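I am opening a notebook on a structure that is new to me.

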Amino acid sequence: MTRIGTSDLDVSSLCLGGNTFGWTSDRDTSFAVLDAYTAAGGNFIDTADVYSAFAPGNVGGESETVLGEWFTTTGRREDVVLATKVGQHPEFRGLGADNIARAADASLGRLQTDRIDLYYAHRDDPDTALEETAAAFDALVQAGKVRHVGLSNYSAERIREWIAIADENGFARPVALQPHYNLVKRHEFETELAPVATEFDLGVMPYFALASGFLSGKYRSKNDFDDSARSGFASAYLNDESVQLLKVADEIAEAHDVAMPTVAIAWLLSKPTVVAPIASARVTEQLEALLAAVRLELSADDVDRLDAESARIPS
């Protein structure tokens, strides 16, 4: 277990992403993935109120609904550190105070729980004053509906501004940061966000830890992509340099007798401030490689090779 920043939340070093629930994983499959993850000792689940409004036929909230049904069916709510996000649901866009309050209540209803352990502002809202947003999150903490505050997709400047506002007004400080960070997407986090995370002791939970499946090694050329939603996201990472990185990751994975996703997540875990990379599993068979990363300790030479090769990828 690892503690998230200055919070009292102790979590497993792999956070299970809930974006597939109610999207590419139906209810029964989602339940099976959740059962397998928690049986293996995992206790940290990440979702968002917008998941998965982007899928045809969905309206948003599907992932939270599946999770709520699983909590009620299994009685496992007390065994899980639950993170969700606000600001992108079609009915609750933006981070105005009234919107946050209503969206939080809607999430609590879908999740069938009385509190959210870690509540993220999903994306910065330039149309709402940060003072209003920070106060709204603090109100949820004071009401006992939220235990801790997190920020996702915020710039270093805006993170500093939020924390200054929190300190000036006695609001709950953010304890967590959720950035886009992986072996093929490094520059922004490492140059701008990592110093802020270190300064303010923010626990970092990188999303797209496997680059939407690109770091599974499945995609090596344009011919490998199909019409699936996942494939479309992964195609954005394809270039000559990223394909060369996959070859190096292949060699390291073979040397350790593990799968490539294991190496990609273990690389993230080798980085300062990273608490728990977020990775999703569409089916239970994909979980083994993800969970193995917690046990894999890459050598300094392994990390150096991956660092050097990934640094060649255009930012």
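Which side chains meet in a salt bridge at 3.4 Å, N to O? I find that they are those of Asp114 and Arg115, where a salt bridge is a side-chain nitrogen of Lys or Arg within 4 Å of a carboxyl oxygen of Asp or Glu. Before going on I note that this is a predicted model, in which local features need pLDDT of at least 70 and side-chain atom pairs count only at pLDDT 80 or more, while totals for chains, interfaces and linings use all residues. Residues are numbered from 1 along each chain as its sequence is written, and side-chain values use heavy atoms, with hydrogens and water left out.

I looked up how exposed the two partners are, taking buried as under 20% relative accessible area, exposed as over 50% and partly exposed as in between, with a 1.4 Å probe and protein chains only. Asp114 is exposed at 54%, whereas Arg115 is buried at 15%. Arg115 also meets Asp117 in a salt bridge of 3.8 Å, N to O, and Asp117 is buried, with a relative accessible area of 1%. For the whole structure I noted 24 salt bridges.

I then turned to Glu199 and Arg160, whose side chains form a salt bridge of 2.7 Å, N to O. This pair links distant parts of the chain, 39 residues apart, with Glu199 in helix 6 (residues 187-199) and Arg160 in helix 5 (residues 156-169); helices here are DSSP runs of H or I with at least four residues, numbered from the N terminus. Glu199 is partly exposed at 48%, and Arg160 is partly exposed at 36%.

**Entry on Asn99.** I located Asn99 in helix 3 (residues 97-111), and at 9% relative accessibility Asn99 counts as buried. Leaving aside residues up to four places away in sequence, Asn99 touches Glu91, Phe92, Arg93 and Gly94, where contact means heavy atoms within 4.5 Å.

**Entry on two helices.** Which residues of helix 1 meet helix 2? I listed Arg27, Ser30, Phe31, Leu34, Asp35 and Thr38 in helix 1, which meet Val66, Leu67, Glu69, Trp70, Thr73 and Thr74 in helix 2.
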